[in-house]
Amino acid sequence: MYTGKSKCLNCGQEYDSERLFEGCPHCRNEQFVSNITPVYQLPAADGSMASFTELFPGNRLEDYREILPFRTRRNLIDLGVGNTALNRLDRIGEELGLELYVKDETRNPTWGHKDRLNAVLVNKALELGAPGVIYASTGNNGASGAAFAAKAGLPCIIVTVKGINKTLETFMQIYGARVIGVPSTSDRWTVMKHLVDEYGWYPATNYTVPIVGSNPWAIDGYKIIAYELFRQMKDLPDKIVVPICYGDALFGIMKGFEELKTMGFLQKIPQMVSVEDYGPVARAYQSQADVIEPVHAWGSVASSMSTVMGTYHSLYTIRRSCGLAISLDGNMEIFKAQQELAQKEGLYCESASATTLAGVKKLISQGKIHPGERVVMLITSSGVKDTAVTARYMGEIPESSTRPEDISRVLKNSYNLTI
């Protein structure tokens, strides 16, 4: 049960306020800010699967209420979030020498893992009587939040930078969100802060520097991924690989596993592995730094994860789980991984999601993922939101007349297929 309190991950300071969105004010300074997280009195359990099933009898959001940050018993707004597929990647796994799986978050209502965050966020905004929800988003999070806000009849404002992904702009608009374009990311945060501080709009996303990531109460929606994996797998993975921007899902999944361990369902938690394109968190982790310094960008196509800054809860998660952090070197790694997942496993995911496979391969080459290990990769969003990126390397389809000899020639010359 949620206690109504939150605490700082760094200094342990506890708070009663549910309107702390800029990290811990107690240990914050100009260079550093720690995340806060809701505190729970976990239900009694004996560690058995029967006890787990009694506590969490189904796969609806409502079935996990005891480990979600709600103080009232009102019915929860839901679009059918969660209970996503866990699929084994037989071909790629065999090639890599791993027992390899994907937790396929493209099966959520708006085809991405952000639905888990927004299912909690919109219900929390309703519980607190907020006038509406507000996002700084270039697409996935905003579209997801707009859908849940529409279901709840709650106004939604999304402040974006125009032109990054036209498909996702349309996706945000169709749900009725008030979408506003501003010149830059920092401009988005300025607008958000004003509407949060002056008018009480409920924030979903970061709007402060140093950055803290998303709304800390909403992040707990990601915990349910850990609970689902416990239900779905006879033996839990050695490693869980997550593509990160601000690391909300990375932290949320680990928090879920820690709760399961506290209740006696686990002896140890899996290692959490972060994959970034630019690598601010990886650099801080490898240099044993507490302050995450900005890094240089190299023009990644994975716009939904690209950031030169990192969050403390990402670093905290990797350290606490004795995990790993890896960054990529260029877009070719992403293109190859996206194409390989689609053509070998029938999984078309967003470019940011494909970074998980690129990261796994890089960690294998460094000897940090070992043969025979059981690895779960989080696939965060569908490739149908990202077709412009894929089209860059797929090229134009070849043309042919209807004559059999022309069809045969095109198949052989373009696809190396003889019929």
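Arg320 is partly exposed, because its relative accessible area is 46%, where buried means under 20% relative accessible area, exposed means over 50% and partly exposed lies in between, with a 1.4 Å probe and protein chains only. The structure is a predicted model, in which local features need pLDDT of at least 70 and side-chain atom pairs count only at pLDDT 80 or more, while totals for chains, interfaces and linings use all residues. Residues are numbered from 1 along each chain as its sequence is written, and side-chain values use heavy atoms, with hydrogens and water left out.

Arg320 belongs to helix 11; helices here are DSSP runs of H or I with at least four residues, strands are runs of E with at least two, and both are numbered from the N terminus. Leaving out residues up to four places away in sequence, Arg320 touches Met254 and Glu258, where contact means heavy atoms within 4.5 Å. The C-alpha atoms of Arg320 and Arg403 lie 64 Å apart in space, although the two residues are 83 residues apart in sequence.

From Arg320 we can turn to the helix pair around it. Helix 9 (residues 248-262) and helix 11 (residues 312-320) have axes that come within 8 Å and cross at roughly 40°; such axes are lines fitted to C-alpha atoms, for helices over the stretch in contact, and the angles run from 0 to 180 degrees between N-to-C directions. Helix 9 and helix 11 are therefore oblique to each other, since angles under 35 degrees count as roughly parallel, over 145 as roughly antiparallel, 65 to 115 as roughly perpendicular and the rest as oblique.

A second pair is formed by helix 3 and helix 4 (residues 140-152), which pack at an angle of about 45° with their axes 9 Å apart. That angle makes helix 3 oblique to helix 4, and helix 3 passes helix 4 in a right-handed crossing. Helix 3 contributes Lys114, Asp115, Leu117, Asn118, Ala119, Val122 and Leu126, which meet Asn140, Asn141, Ser144, Gly145, Phe148, Ala149 and Ala152 in helix 4. The contact of helix 3 with helix 4 has seven nonpolar, five polar and two charged residues.

The loop between strand 5 (99-104) and helix 3 (114-128) holds Thr110, which counts as buried because its relative accessibility is 2%. Apart from residues up to four places away in sequence, Thr110 touches Asp115, Ala143, Ser144, Ala147, Phe171, Tyr175 and Lys385. Glu105 also lies in the loop between strand 5 and helix 3, and Glu105 is buried, with a relative accessible area of 0%. With residues up to four places away in sequence again left out, the residues that Glu105 touches include Thr84, Trp111, Arg116, Ile225 and Leu378.

The axes of helix 12 (residues 331-345) and helix 14 (residues 387-394) come within 11 Å and cross at roughly 95°, and helix 12 and helix 14 are therefore roughly perpendicular to each other. Phe335, Gln338, Gln339 and Gln343 of helix 12 make this contact with Val389, Thr390, Tyr393 and Met394 of helix 14. The residues of the contact between helix 12 and helix 14 divide into four nonpolar, four polar and no charged.

Finally, we come to the cysteines. A disulfide is a covalent bond between the sulfur atoms of two cysteines. The rule applied here asks for a pair of cysteine sulfur atoms within 2.5 Å, and by this rule the count comes to zero disulfides. Cys8 is in no disulfide, and the nearest cysteine sulfur, that of Cys24, is 3.6 Å away; Cys8 counts as buried, at 2% relative accessibility. Cys245 is likewise in no disulfide, and the nearest cysteine sulfur, that of Cys349, is 17 Å away, while Cys245 is partly exposed, with a relative accessible area of 22%.

Note on methods: Nonpolar A, V, L, I, M, F, W, Y, C, P; charged D, E, K, R; others polar. Left-handed = near helix turned anticlockwise from the far one by under 90°.
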